[in-house]
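Hi there,

Here is the structure I promised to pass on to you. Have a look at it first, and then read my notes on the charged side chains below.

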Amino acid sequence: MSITQQERKTLRELAKRQAEIAALPVMGLRRALWHDLNGGKTEHPLIAMEFHGVESDVYPPLTCETPFVRGIERQLRHQIFKHENYWDDRVIPASFSVRIPNWFKPFGYEPKCVHAPGMAHSFEHAVHDLLDDFGVFKASEFGVDEGLRQANEQRSQVENIIGDILPVRLEFPAPSFCVSYPLVQMMGMETMFVSILDYPELFHQVMRRFTGDYLAFFDAIEAGGAAVPNNDQSYVGQDSYGYTHDLPGADGLDRPVKMSDLWGYGNSQETINISPSMFDEFFFTYIKEVADRFGLFAYGCCEPVHDLWEPCLSRLKNLRKLSVSPWCDEEFTGEALRGKKIVYHRKPFTNFFSVDPVFDEEAFLAHMEKTVKAARGCPLEITFRDICSVRGEPWRLTRAVELTREAFMRWWQG
């Protein structure tokens with residue numbers, strides 16, 4: 001890997017700044033609070049702010065030119081920027097993370113995506129009638145060994161640049177089982193729903209193959225030693241963190257890591273238009289089989305989960321985080337989770353940042369009041385994510401954190 005002297009200097013200066021931030025006493029306090037939250041304690045709600053839009057709208061520009069080096073610079077700059085600007089509860093780590101890449105191609109199918117201007121896109125579907133096109137659903141393909149080799153190579157490269165300042169660690173994000181999305185890519189939502197009605201047995205065969213392939217993928221990860229504990233700052237899904245004392249860390253294992261040592265994650269956003277009983281039969285049966293392999297499990301994205309709680313999600317014995325999107329019944333979900341060791345993982349509405357021409361502080365505070373009151377007695381995590389625009393006003397992100405803290409002070413203990 002080639003790197004200029006100026007690029008090396010830039011990365012080392014950024015690494016030193018991150019190390020300084022990571023050494024601040026507040027980081028130890030925050031780490032303890034995340035452990036408490038994920039352990040079921042309710043005293044301190046926590047906030048994480050993320051921006052997923054065009055980087056130049058919020059983040060400082062990158063200065064390095066070499067592609068691999070720019071990836072290192074991006075991670076360092078983003079950590080520093082988030083600490084200095086968001087004022088949320090993130091822990092800035094005293095390390096640099098290299099993720100272990102792996103890949104899983106459902107049914108061996110390469111989705112054909114058609115992009116429109118902006119972020120809009122659609123898929124060219126390969127399945128129009130499940131009976132006629134059943135042969136499209138072949139065995140899934142996956143890879144593990146190459147990703148581990150690449151990660152170790154990258155770790156060595158990063159260590160040669162900043163390893164004396166920040167230790168370089170391998171990170172294994174929570175494996176994600178998004179059960180319905182690959183089907184929508186292949187056949188579209190309408191055909192997926194019609195197939196359940198017209199060919200229920202064939203549909204179960206598709207789901208059985210998908211699930212079996214995914215479990216085989218887990219077996220390969222375990223056999224290949226391609227996982228590391230994710231009970232720390234590791235990504236859990238939905239921009240959340242894995243801090244917990246309920247899973248083993250690297251120091252507590254004298255054997256290869258298994259899925260039962262890890263966080264897992266799942267969602268099924270594309271199935272909101274079917275009944276809970278149909279979801280249970282055709283989707284949740286398979287979600288639970290995968291979820292049961294993990295030590296802890298986080299569930300949900302933007303789909304409402306309240307209708308699925310009693311018949312389905314309450315049966316996940318290792319469920320530790322439940323996504324509460326803007327389309328959830330907040331009061332019902334708070335009542336369902338109250339007294340349980342499950343994080344009420346709230347994702348506030350993004351229109352305040354991306355749509356509204358003026359940031360309406362009064363309306364935003366009322367929005368957060370509703371959440372705080374509904375989640376009383378639950379471990380509450382508020383993650384601002386899916387924010388694609390700030391309408392030229394990045395200060396909205398910081399102000400939202402400030403107002404959320406105000407909501408905590410007003411209504412959390414009330």
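A salt bridge here is a side-chain nitrogen of Lys or Arg within 4 Å of a carboxyl oxygen of Asp or Glu. Please keep in mind that this is a predicted model.

Lys105 itself is partly exposed, at a relative accessible area of 23%. In general, side chains of opposite charge can pair when their charged atoms come close.

How many salt bridges does the rule give? The count comes to 38. One of them joins the side chains of Asp164 and Arg12, at 2.9 Å from N to O. Asp164 sits in the loop between helix H4 (145–162) and strand E7 (168–171), while Arg12 belongs to helix H1 (residues 5–22), so this pair ties together parts that are 152 residues apart in sequence. Asp164 counts as exposed, with 58% relative accessibility, whereas Arg12 is partly exposed at 23%.

Another salt bridge links Glu171 with Arg99, where the closest N and O atoms are 3.7 Å apart. Glu171 lies in strand E7 and Arg99 in strand E2 (residues 96–99), so parts that are 72 residues apart in sequence are tied together by this pair. Is Glu171 buried or exposed? Glu171 is buried, with a relative accessible area of 5%.

Happy exploring!

Technical notes
Residues are numbered from 1 along each chain as its sequence is written. This is a predicted model: local features need pLDDT of at least 70, side-chain atom pairs count only at pLDDT 80 or more; totals for chains, interfaces and linings use all residues. Side-chain values use heavy atoms; hydrogens and water are left out. Helices (H or I, at least four residues) and strands (E, at least two) are DSSP runs, numbered from the N terminus. Buried means under 20% relative accessible area, exposed over 50%, partly exposed in between (1.4 Å probe, protein chains only).
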